[in-house]
Structures are given as structure tokens and as C-alpha cells.
Amino acid sequence: MSLKAFLSRRVVTPRGIKAAAVLVQDGRILDVVPPEQLPAQISVKDFGAAAILPGLVDSHVHINEPGRTEWEGFRTATRAAAAGGYTLLVDMPLNCLPPTTTVAALEAKRKAASGQCRVDWMAWGGVVSDNHGHIEALAAAGVPGFKCFLIHPGIDGFTMVTERELRAALPHVARTGLPLLVHAELPGPVDAATRRLAEADWSKYATYLQSRPDEAELSAIHLMISLCREYHFRLHIVHLATSQALGMLRAAKTEGLPVSVETCPHYLHLSSDKLPDGQTLFKCAPPIRSRENSEKLWQGLQEGVIDLVATDHSPCPPEMKRLGERNFRTAWGGISSLSLALPVMWSEAHGRGFTLSDIARWMAEGPARLAGCETRKGRVAKGFDADFVVFEPEAEFIATEDGLFYRHRVSPYLGERLRGVVKATYLRGNCVFDDGKFPGEPDGRELRG
Ligand SMILES: [Zn+2]
């Protein structure tokens, strides 16, 4: 395939942001050179002042196919991802049916994804109460790691694990060398709080927030750190919502334990003090906490205690959000944000003095490392896949349904003025999103761990 070049005055590379030409051949980055070293007579696409960032990697997405394609699906999720600047999604082992807890289920997922994907994808395997005999087979079949829940996941078909069940699974996980991603809330504090709130007004956000106290996260993270020390597996805490755990996580990292941490755009951009009552669009677990808490999460990112930002894109049919009922108890918890995560993050990060290099580290490099593809994805650098997003960091827009592109165009961000526009997304050197359009046929592939 012929050599081509992508030119910008702001290419976000691991060595800083600079004017450069990205040379691409056969879907890979051949080199990143100063513009004056651009070879003569090759096809050049000049993006001018628009920045070129590495294609984003989302290590926490619920695609829900096969089995709940009416919730989302590979076709719609990868389309929304391309529109949001993502070039690789790592799918969670629930809420699809069957859940990805056996090799047979993984094969069913591969079949379902075939020919539908606009960006690349991978699949996490699940660790549930009774599948520890499948863990090593799933690793051999190509999952990059595993996910488990310490609390009921809000849906049947994917069981939570108790400490005893975890102890049976962890030697297998450790042998694979792959990370275990943990939904870290313990049921005890949530059940106790919920009992106390039996007669409370569940249309109030404050009631929901009280039902999932910080203590649920803190006790779960404490347990997981001690198991990490005992079983020597790679521990990853998904969607950290409480800043009170940062001290414990910092200490675990300082101790040298293999612990990594993610948070989500909604915990960084929203806070409970501003959430309207009755608006179940804002329900997710763990819950969005106070303004002060989210400020501390930003400090955790700055300090590097939090390694990465993933969306936890978790859609459902709109009726399951029970918007008319205004009931936080019965509504589905989950926030969809694939197409808007980058502008939501940049709107906040820019105002706090962070740069596009920080965004690339949190939303591309960090998630790629978690998924074990850090030598191929997540950087604009020689030898990497030619995946990138063309981003106008100074442009602003109002979020509308037209810009969402996932199956159910529901979002808590509609109507917000956001900073930064995704103009185009490239996968292995080919344009997969261009100003609202999706050129070409779906060419996304599965990457195997
Ligand atoms: Zn999730």
C-alpha cells in the first residue's frame, strides 16, 4: 500500500505536542517527522491547526451483543465510538447473553461482531461465582483480562463473587498474568443503607446517593488490595467514584502492588449538589458524589493515583430509565457517553490547565496498557497502528441527540455547551468518521490478548 502523510501543527505524541507529519503505510505509523522532512510526491492530508491525537481506547464499554442487541450492539456502539474519537473498545462480559464467562460465549460474541464494527474491539472475560474452571481457557482464547462484581450487578445472568469464591478464582487469574477488573462495592453497607431508606423519597437524588455510601467502595477496595498482596494478581479498580479511597490506593501503589485505577467522565464533570431530583438519567453505580469529591478525583488523576479514564458506556432501552416515574430505586443505572466523552473531559481538563497530552495519557495510552495492547494502540508513534482522532480543541458546540450515534440517543449531557469537536477519526490510516458521516465499510477487527 502506498505511503501517505497526515500533517498538523499540533500532533500529540508521547514526546509532546508539536508540528509534525505522520507517515502512514499499510495501516501503521512508519514515522513521525518534522513537516519540513515530508517526502516529496506523497499524498498529504493537512489538518492545519486541528490537533491529531492518538485514537482513544475505551476499556470499559457494555456493547450488550449478543443477546441484548436492543440495548446497544456492535454496529451502533462502534459507530458512536468512531464519532467520539475512539478506535478501540474493550467490551464488558455483561450485559450480553450469554455473558462472556466461557470460551463458547466468547466465540458467540465473535460471531455476532463479525462484519459490523467500525472500530477495533476486544472482549474482557467474566469471573463469576462458578466459572473458575474456565478462566485459563478464556485467557488462552484471547481475552486481555477479566471482570468481576463484588455486589449484585443490577441484572441477572452474571453472578457476583463472594470473598470465598474469589479465593477459588484468584490463583487461576494470577496464573494468566492478566488483570482482574473489579466493580468495587460490597453489598453490606449498601443493603444496610437501603433498608434504612425503605420509607424515603426515592425521587430524590440524595436518597439514591445515601443508599450507596462511600463505605461500600472503601471496604471493597480494602479487601481487593489485601487479596492482591496475597495472590499476586494484577488488580484494576473500575469506575472509582469515592475520592476517600485515594489514600489507600496511593499506599498500595507505593508498596509496589500491581494496582491500577480508572474513573469516568461523569464522576469528573458532574456532582451531586447540581443533580436534579427525579432525573434518573444520572443514575449509575457507584453514584456521582459531591463537588468536593470530584475535585479530589481530579487531584488523583493529576497525581497519577488514577491511571485512566474510561466511559462505562452502559446503555439500556429508554423505558428502563423509567424517566416518567422519577424513581431512582427502580431505574436502570448506567450512563451512555461514547460520542461525548472526549469533549466532556476536555471541557473540564482544559479549564484546569491540563493539556491534550494528559487527555491522550488518560484516554488512549492508559487504557491500551490495561488491555495489554500498549505496543500497538494508544500513541502516535513509530510502529503503532495509524489510529487517530482529528480534534478542534478551541471549537465549542451544544450537545444534541444528532451527535450521539449509539442505539438509544439518551444522555445526561444534552443541551450542555461543550468544548472540543471531533472532526474525523482514522482507523489504520482509513477515515472511519468524517464530520458526521461514516465513510467506507465496517473494517474494525478483534484484537486478541
Ligand atoms: Zn460497567
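The model is predicted: local features need pLDDT of at least 70, side-chain atom pairs count only at pLDDT 80 or more, and totals for chains, interfaces and linings use all residues. Residues are numbered from 1 along each chain as its sequence is written, and side-chain values use heavy atoms, with hydrogens and water left out.

**Zinc site**

- His60 (NE2), His62 (NE2) and Asp312 (OD) are the protein donors of the zinc ion, at 2.1 to 2.2 Å from it.
- Donors are N, O and S atoms within 2.8 Å of the metal (3.2 Å for Na, K and Ca); water is not among the atoms, so sites may look incomplete.
- Because His60 lies in strand β6 (residues 56–61) and Asp312 in the loop between β14 (308–309) and α11 (341–351), the pair ties together parts 252 residues apart in sequence.
- Strands (E, at least two residues) and helices (H or I, at least four) are DSSP runs, numbered from the N terminus.
- His60 counts as buried, with 0% relative accessibility.
- Asp312, at 11% relative accessibility, also counts as buried.
- Buried means under 20% relative accessible area (1.4 Å probe, protein chains only).

**Pockets**

- A pocket is an open set of points on a 1 Å grid over the protein atoms alone, where a 1.4 Å probe fits, with protein on both sides within 12 Å along at least five of seven lines; lining residues have an atom within 4 Å of a point.
- The largest pocket is lined by 36 residues, with His152, Pro153, Gly154, Arg212 and Ala285 nearest its centre.
- Helix α5 gives the largest share of that lining, four residues.
- The lining of the second largest pocket takes most from β16, with three residues.

Terms used. Buried < 20%, exposed > 50% of the residue type's maximum accessible area, 1.4 Å probe, protein only.
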